[in-house]
Amino acid sequence: MNEFDYVRACDPEEALGLAEPAPFGDGAVTRFIAGGTNLLDLMKENVLRPHRLVDINGLSPWSTIEALPGGGLRLGALARNAHTARHPLVRERYPLLAAAILSGASPQVRNMASNGGNLLQRTRCYYFYDAQVPCNKRMPGSGCSAIGQLAPQHAILGASEHRIVKHPSGQAVALAALEAVVHARSTHADRAIPLRDFHRLPGDRPQHDTTLDDDELILHIDLPPDGARFAAHSAYLKIRERSSFAFALVSVAAALDLGEDGRIRAARLALGGVAHKPWRRPEVEDLMVGEPPAGELFEHVARRLVEGAHAQGSGPGDNGFKIPLARRAIVRALESAVRGTSPTMAAEVEDRP
């Protein structure tokens, strides 16, 4: 058993003062814990071995959801996923986000998982969770055991020779499509990080999932007011191996703003399950602006969005099937968005505490 200290922080300054930056790969680090739905699994599997856990659940200002002056919505980093999904303002203005959250994990996990923790969860790569095999994400420079092996859950876009994993969050995909902004604090400064820049592609630093520093905490996530104009025409599609408690093979967050003439005034499109971060290409979204929504246009957009995709793995274990699957899922999600946001998309919320 790995011993560790447990400290409950009473205010943000105390929590940040307990942060202990250390080189990645060194197990003697401090970790912040909120819901713990990912961190505790990593500790049980000996993937992470912190010597101190700092409980930040007492930082109540970060657990609220509130409207912003001039529009928009502020999601506290400590607000639970279930509370966020069923919040009236989320369901009314940003049903795309509610749908993405409700498709994730299970009711029990959503009741515990926090908004900030959801963005910070680690990959569910089989080889990352096996502490007995080399993994560049656990120990930089040791190699990537996933390359050439079983790969259905791995990336087809943005991978590198050092890592081919994908980011597991569905909530992040919807937040990317809605152009959310993450606000973080350290002991010396606050900063705002657009969601599109929050997660990193592996490049030559595969051990880092995000641009967040070791001594920073997420305060809240802001949704811009113009995101609400997509409320009437949005769709979240998640394709997975089973209907519950499974991560996406491919997911799509599609949002359209249609004019009175039926043409597309603005479009947002993000892919999940395919890369180390939610995959967006604004220049591809711009191809839809001013055009009538049609299958031919959507098929062209789908081909452009997955340009450069490469299969990973070998033999029957490769993930080449995800490339046509992603294209078809994009078309299906856009067609669903044109028909209008499903009345049940954000309303199917379990009546749980």
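Where does Leu150 lie? Leu150 is placed in the loop between helix 8 (126-129) and helix 9 (171-177). Helices (H or I, at least four residues) and strands (E, at least two) are DSSP runs, numbered from the N terminus. The model is predicted: local features need pLDDT of at least 70, side-chain atom pairs count only at pLDDT 80 or more, and totals for chains, interfaces and linings use all residues. Residues are numbered from 1 along each chain as its sequence is written, and side-chain values use heavy atoms, with hydrogens and water left out.

Leu150 counts as partly exposed, at 43% relative accessibility. Buried means under 20% relative accessible area, exposed over 50%, and partly exposed in between (1.4 Å probe, protein chains only). Neighbours within four places in sequence aside, Leu150 is in contact (heavy atoms within 4.5 Å) with Tyr126, Tyr127 and Gly317. Its C-alpha atom is separated by 5.6 Å from that of Gly313, 163 residues apart along the chain.

The largest nonpolar core holds 40 residues. Such a core is a set of buried Ala, Val, Leu, Ile, Met, Phe, Trp, Tyr and Cys residues joined through side-chain atoms within 4.5 Å. Leu75, Leu97, Leu175 and Leu223 touch the most other members. Helix 5 (residues 95-102) gives the most to this core, with seven residues. Beyond neighbours within four places in sequence, Leu97 is in contact with Leu75, Thr84, Val90, Gln171, Ala174, Leu175, Leu178 and Leu223.

Helix 12 (residues 295-305) has Leu297, Phe298, Val301, Ala302 and Leu305 buried. Seen down the axis of helix 12, its buried residues fall within an arc of 135°, so they line one face of the helix. The arc is that of the directions from the helix axis to the C-beta atoms. The cover over these buried residues includes strand 10 (250-258), strand 11 (264-272), helix 11 (282-285) and helix 13.

Pro324 is found in helix 13 (residues 322-339). Pro324 is partly exposed, at 24% relative accessibility. The C-alpha atoms of Pro324 and Val306, 18 residues apart along the chain, are separated by 9.1 Å.

The disulfide count is zero, a disulfide being a pair of cysteine sulfur atoms within 2.5 Å. Cys135 is in no disulfide; the nearest cysteine sulfur, that of Cys125, is 6.2 Å away. Cys135 is buried, at 1% relative accessibility. Cys10 is exposed, with a relative accessible area of 61%.
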